[in-house]
Amino acid sequence: VGERSGIGLVELSMLEALDSLGARADRRPRRSVRVLQAVDTQIGLAPGYAYQLLVDLAQPWTLALPLVDGVGNFGSRGNDPPANYRYTDTRLSRAGEVALAAERGTLAPVPIGLINGNTHREGLRPPFAPDRVIKALRQVIRHPRVSDGELTEIIGPPDFLTGCAVTGDLAAMAAGQATDLVLYASVTAGEDGRQIIIENTPPYFSTDDVVCGIAQRARDHHWARNHPELSTHARLPLADVRDASKRGNYRFVCVPEPGTGPDEIIEQLRLVYGVQTRVPVLLPKPLPRMIRSWVRAFRDEDLLGSLATLEEAIAGQAVPSQ
Amino acid sequence: VLAAAVLAADDVSCLLVGSAALWLHGEPVGVSDVDLVIEPGGANLQRLRDGLARIALRPRALPSARSMGWLPMVAVMTSYGKVDCLLERGRLGWEQLSQHATTIRVADSGVLVASQGNVLALRRRFKE
């Protein structure tokens, strides 16, 4: 891992490749195939593998700080795959430029790895809210005696881009212990009282699969007569499920069967896989210690300056949709 | 656990192991997926395949019942959660595991659950 930005070495190689091709944030993007050829030359990673990483770095719904600005079809949160690398273009994002500058030593270190985490690739480090991480680092720089509890409170719970709710043993996670986070969507009764609205579904799960799963649970089971009790738990009394998503704003509408009130089904819907998921997490050390050791390791550098530069880069990037 | 109960209601002969089995035995463990040891045999594999097709999020991605006869494991995403079908473990040790298993009621369906000792032994072996 690049120590000064916290991003992976392969990711760093992507950024180097983009920079070597002149694909900077304020320049025109380059064909992804050229970037991948440069990565292949640098570290011997074949384009088929490297493209998956490049796509991750460019998807605004995957990383809080996308390091790459993708132009073209980079897929969706559903089952639509990105276009082949011959047909997409990429360039460095502002955050990508900041990460590269930090790794080259022209800028003091920045906590991009800590913010983005790696749970999007089945890693164990969850993402945190960028502004909160920056605030916690500033607090340690300015007031080194700030308590661990205060730091943990400033950083807050892991922050997933879809806006899903996060529960679980957050104290254990902050203490650096292995635990599971439970991520769940917002499931509420619609204004007319006859529909149920599902929004902010957890990340890393196809939105198409969420709809498909709900629709499947609404079907009758051929064994229902022999197992009526199981059927009431396994089957959702829904008359219809609709995908009402628009422009990256994912929203699903469920219509209960006649005679069934929304409140009766909401709890059941919350348990459907995809509406709720578990994510195992394990921080390399307790969260406050991670923050303190990062500041201590680079105390001779202008950390306040690099944090301000990172903040500017974040403000300059488009606000990602869920 | 509901996935195991649904497959059992679908007449699939399978045996629950892993964290879900420990949870049904009363252990305070988190359950993130369901591990099922499948009884070998063509008819049961066909029932498994059909049952999974009814609950899988991507039924077209399921292997055929015939392929399940030699595959070591099939992992399936369902609306009840992830289901890992341990096919090779079934071929190697169904008799031994089922001998000590108990049936636990999940709603009004009976789920065959491996003994606590066997579940822990399988976990140890898997981790080694």
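Tyr204(A) is partly exposed in this predicted model, with a relative accessible area of 36%. The residue sits in the loop of chain A that runs between β7 (196-199) and α9 (207-217). Its backbone deserves a second look: most residues other than glycine have a negative phi, yet Tyr204(A), although not a glycine, has a positive phi of about 60°. Ala107(B) lies in the loop between β5 (102-106) and β6 (109-113) of chain B, and it counts as partly exposed because its relative accessibility is 23%, between the limits of 20% and 50%.

Turning to the interface, chain B contributes 24 residues to the contact and chain A contributes 23. About 1800 Å² is buried between the two chains, and carbon and sulfur atoms give 57% of this area. Leu57(B), Ser79(B) and Asp108(B) together supply 31% of the area that chain B buries against chain A, more than any other three residues.

One salt bridge is found between chain B and chain A; it pairs Asp209(A) with Arg58(B), whose closest N and O atoms are 2.7 Å apart. On the side of chain B that touches chain A, two or more residues come from each of α1 (2-9), α3 (42-55), β3 (73-78) and β4 (81-86). The largest share, four residues, belongs to α1(B). By class, this side of chain B comprises 13 nonpolar, six polar and five charged residues.

Conventions
Residues numbered from 1 in each chain as written. Chains lettered and ligands numbered in written order. Predicted model: local features only at pLDDT ≥ 70, side-chain atom pairs only at ≥ 80, totals over all residues. Heavy atoms only, no water. Buried < 20%, exposed > 50% of the residue type's maximum accessible area, 1.4 Å probe, protein only. Contact = heavy atoms within 4.5 Å. Buried area = accessible area lost by both parts, 1.4 Å probe. Salt bridge = Lys/Arg side-chain N within 4 Å of Asp/Glu carboxyl O. Nonpolar A, V, L, I, M, F, W, Y, C, P; charged D, E, K, R; others polar.
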